[in-house]
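Biologist: I have a fold on my screen and want to learn how to read it. Please take me through it feature by feature.

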Amino acid sequence: MKERVKWVWFCGAVIFFLILPWVAQALFGSTYITELLVQSMYFGIVALSLNLLLGYLGLPSLGHAAYMGIGAYTVAICIDKFQMGCLPASMIAMLVAASAAAIFGLFALRAREVYFLMITLALGMLVWGLAYRWVSLTSGDNGISGLMRPQIGPWSLDDINSYYYFVFIIFCICFLIIYRIKTSPFGHALVGIKESESRMRTLGYNCWLHKYICFVIAGFFSGVAGILYIFYNLFISPSILELPVNLESLLMVSLGGPGTVAGPILGAIMIVFLKEFVSIYTERWLIILGSMYIIVIIYAPNGLMEVVRIGKKFFTDRSFFKRKS
């Protein structure tokens, strides 16, 4: 019954986001909201992939945006330097992002807790340094521009509405795959490792291998988000690899609710929209986001999804209505 309710909610959300761009354009007379939704979706994929590490394994990473940058840079370099098509460039980008995660995981998973955080930060800054200094390949601080959005048969993605639906399809596929991972025996094993690694090891699980596979999967999906990022912005520079982007992705998961499927998506939407609207009125929007994060951590340590669950329980508790009657 619960599974059926979840699918009803999912189908309702799909219908809502299918008509939302047209409603927003009719109300506001521009595609600004549609563009923010596109940003929310590819950052939502980054947050969902990071949630595999933070929510299910308890491993907070400060270098997860590196795989997003690697995916975006690979596409840009393949198209700009080697004159490849969009599809082969995207396939190579996913492979390179997953390969980078496979290499970095060998180093990062040797550490735990704050040391894992420090190593992932160092690896992320290593990628940023390569993008900034390897000028012959990445064009350094000038970045790579002049790219064009792909065309899928007769379907051109130059229009923002068309690109929105393309990103929405990819987002739904990534969401369903990550949800399947979460509900699979592998996902339950990850939660068990987070709760008690020694107990899972005693039961015969190869804990390191589970964590390593999860690390690679998370890097792969972040690389997918990087592909969507580069075809949206049509420009890439080392700024996508800087520390604030890593902090934002970590904040999205923590704010929405680590260990949940919908929480990172909610966090991504909130961060993207708040950053855009608050930055209109003040350059110190990070202070406002930081203050909001502190309030949520104090009063809802498990994120905003905890508030949603409490509210749902409050309104569905029969004893509450009995006391009122």
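Biologist: Is helix α3 mostly enclosed or open?

Modeller: Enclosed, largely, by the rest of the structure, because 15 of its 16 residues are buried. Buried means under 20% relative accessible area, exposed means over 50%, and partly exposed lies in between (1.4 Å probe, protein chains only). Helices are DSSP runs of H or I with at least four residues, strands are runs of E with at least two, and both are numbered from the N terminus. Helix α3 covers residues 65–80 and reaches 22 Å from first to last C-alpha, close to the 22 Å expected at 1.5 Å a residue. The expected span is 1.5 Å times one less than the number of residues.

Biologist: What should I know about the model itself?

Modeller: This is a predicted model: local features need pLDDT of at least 70, side-chain atom pairs count only at pLDDT 80 or more, and totals for chains, interfaces and linings use all residues. Residues are numbered from 1 along each chain as its sequence is written, and side-chain values use heavy atoms, with hydrogens and water left out.

Biologist: How many aromatic pairs are there in the whole structure?

Modeller: A pair of aromatic rings is described by the distance of the centres and the angle of the planes. Rings of Phe, Tyr and Trp (its six-membered ring) pair if their centres lie within 6.5 Å; planes under 30 degrees apart are stacked, over 60 edge-to-face, and the rest tilted. The search finds 19 aromatic pairs. One of them is Tyr 67 with Phe 215, edge-to-face, at 6.1 Å centre to centre and 85° between the planes. Tyr 67 lies in helix α3 and Phe 215 in helix α10 (residues 207–233), so this pair ties together parts 148 residues apart in sequence. Tyr 67 is buried at 4% relative accessible area. Phe 215 is buried too, at 2%.

Biologist: Which kind of pair do Trp 208 and Tyr 212 form?

Modeller: Stacked: Trp 208 and Tyr 212 have centres 4.9 Å apart and planes at 10°. They are four residues apart in helix α10, so about one helical turn separates them. Trp 208 is partly exposed at 36%, while Tyr 212 is buried at 17%.

Biologist: What is the phi of Leu 234?

Modeller: Most residues other than glycine have a negative phi. Leu 234 has a positive phi of about 60°. It sits in the loop between α10 and α11 (243–256). Ser 139 also has a positive phi, near 65°. Its place is the loop between α6 (135–138) and β1 (151–152).

Biologist: How many salt bridges are counted?

Modeller: Side chains of opposite charge can pair when their charged atoms come close. The rule asks for a side-chain nitrogen of Lys or Arg within 4 Å of a carboxyl oxygen of Asp or Glu. The count comes to four. Arg 112 bridges to Glu 197, with the closest N and O atoms 3.7 Å apart. That pair links the loop between α4 (86–108) and α5 (113–133) to helix α9 (residues 197–202), 85 residues apart. Arg 201 also bridges to Glu 197, at 2.8 Å. Arg 201 and Glu 197 are four residues apart in helix α9, so about one helical turn lies between them.

Biologist: Are Lys 275 and Glu 248 buried or exposed?

Modeller: Both are buried. Their side chains meet in a salt bridge, 3.2 Å from N to O. Lys 275 lies in helix α12 (residues 262–281) and Glu 248 in helix α11, so the pair ties together parts 27 residues apart in sequence. Elsewhere, shared partners join Arg 112, Glu 197, Arg 201 and Lys 211 into one network.
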